[in-house]
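Try each task before you read its solution.

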Amino acid sequence: MTRPFRAPACAAIFVTIGLAIAMAAAGPAAPAPQALPPALDTLLKQIKGADTGQLAVSEEDGRFLRVMVAAGRIRHALEIGSASGYSAIWIGLGLRDTGGHLTTIEYDPIRARQAADNVRKAGLADIVQVVHGDAFLEIPKLAGTFDFAFLDAWKRDYKRFFDMVYPRLDRGGLFLAHNVVNKRNEMGDFLNALDRAPNLLTAIVTPSGEGISVSYKK
Ligand SMILES: C[S@@+](CC[C@H](N)C(=O)[O-])C[C@H]1O[C@@H](n2cnc3c(N)ncnc32)[C@H](O)[C@@H]1O
C-alpha cells in the first residue's frame, strides 16, 4: 500500500514558520508618518515623482530636517544644492515655526527655476529664497552668519564647502551634510575634517539609509 502524499501540509507548516520568523526579524511595523495638509502632500509627491535623477532627499530625511530646524529654533539657514526644492520645502516648514529664513543655492538654471516655483506653490516664498548660481561664488555674497547649514551638493566638494561655511557658523549652530553613509567613500576628507574640527560635536543619523551628519558648534 502506498503512503499518502503529505507535502502540502508540510509546505504550509514551513511557510507559516518562515513568515513568523520574518515578521519577528522585521520587528513591529513603523507608525505611519504624521499627515501633511493634502495640497502640500500632493506637491511633495509630485516633486518626488518628477525627480528622475533621484536627487531629492528621502521623505524621512526631509521630516528630520524639519524637526531639527524647529527644535533648534533656527533663524538663519543655508542650503547648498536645492535641486527642485524638495528639502528646501521641508526646511521651510520648520522655519515657519521659528520665524526664520532659508537661502538655498542651485547652479542648474532649470532646477533653480523649478525650486523657486515649488517653494511658491508650497506657500513658502516669504521664507525660502532660491539663489541661482555657483554656491562657491554666492555664499561670500551673503551677509551675516548662519545658525543652520545643510550641505547636499556634489560629494567631492563637501570639504571645500565645509571650510567655507564653518567659520560663518554661529556658536550653537548646526552643520548637516547628506549622504554621509551611502556615499562616504566620496567624501573621506570631509568626514576627517568633521572629526578634527575644534568645538564640533558630530553624530551620524540614518532616518533612511543615506545618512546625515549632524554637527553642533560648541
Ligand atoms: C543631491 S542634489 C540636491 C537635492 C536637494 N537638496 C533635495 O533634497 O531636494 C545636488 C544639487 O546640488 C547642485 N550643486 C552641485 N554643486 C553646486 C554648486 N557648487 N553650487 C550650487 N549648486 C550645486 C546640483 O546642481 C544638484 O541639483
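**Exercise 1. Find which residues A149 touches beyond four places away in sequence.**

Step 1. Leaving out residues up to four places away in sequence, A149 touches L78, V165, L169, F175 and L176. Contact here takes C-beta atoms, placed from the backbone, within 7 Å of each other.

Step 2. Before going on, note the ground rules. This is a predicted model, in which local features need pLDDT of at least 70 and side-chain atom pairs count only at pLDDT 80 or more, while totals for chains, interfaces and linings use all residues. Residues are numbered from 1 along each chain as its sequence is written.

Step 3. Now turn to the bridges. L78 has A149 as its bridge partner in β4, and A149 in turn has F175 as its bridge partner in β5. Strands are DSSP runs of E with at least two residues, helices are runs of H or I with at least four, and both are numbered from the N terminus.

Step 4. β1 (residues 76-80) runs parallel to β4 and is joined to it by four bridges. β4 is also parallel to β5 (residues 169-178), with five bridges between them. Another bridge partner pair here is L151 with A177 in β5.

**Exercise 2. Decide how well β4 and β5 are covered.**

Step 1. Count the buried residues of β4 (residues 146-151): six of the six are buried, so this strand is largely enclosed by the rest of the structure. Buried stands for 20 or more other C-beta atoms within 10 Å of a residue's own, exposed for 12 or fewer, and partly exposed for values in between, with C-beta atoms placed from the backbone.

Step 2. Do likewise for β5, which is mostly covered, with seven of its ten residues buried.

Step 3. Look at the largest nonpolar core, which has 53 residues. Such a core is a set of buried Ala, Val, Leu, Ile, Met, Phe, Trp, Tyr and Cys residues joined through C-beta atoms within 7 Å. A149 and L151 are among the members that touch the most others. The largest share of this core, seven residues, comes from α4.

**Exercise 3. Write down the strand order of the open sheet.**

Step 1. Start from the inventory: the protein has eight helices and seven strands.

Step 2. The open sheet has seven strands in the order β3-β2-β1-β4-β5-β7-β6, and its pairing is mixed. Two strands pair if DSSP finds at least two bridges between them.

Step 3. Identify the edges. β3 (128-132) and β6 (200-205) each pair on one side only.

Step 4. Check an antiparallel pair: six bridges join β6 to β7 (residues 212-217). I204 stands opposite S213 in β7.

**Exercise 4. Describe the shell around the ligand.**

Step 1. Of the 19 residues around the ligand, the ones that come nearest are G81, A83, Y86, S87 and A135. A residue is near if its C-beta atom, placed from the backbone, lies within 6 Å of the molecule.

Step 2. α4 (86-98), β2 (101-106) and α6 (135-138) each supply at least two residues of the shell.

Step 3. Sort the shell by class: eleven residues are nonpolar, three polar and five charged. Ala, Val, Leu, Ile, Met, Phe, Trp, Tyr, Cys and Pro count as nonpolar, Asp, Glu, Lys and Arg as charged, and the others, Gly among them, as polar.

Step 4. Look again at A83, in the loop between β1 and α4. Its phi is near 50°, a positive value in a residue other than glycine. A83 is buried, with 25 other C-beta atoms within 10 Å.

**Exercise 5. Is Q54 buried or exposed?**

Step 1. Locate Q54 in the loop between α2 (38-50) and α3 (59-71).

Step 2. Q54 has a phi near 50°, a positive value in a residue other than glycine.

Step 3. Q54 counts as exposed because it has 8 C-beta neighbours inside 10 Å.

Definitions and conventions:
Two residues are in contact if their C-beta atoms, placed from the backbone, lie within 7 Å.
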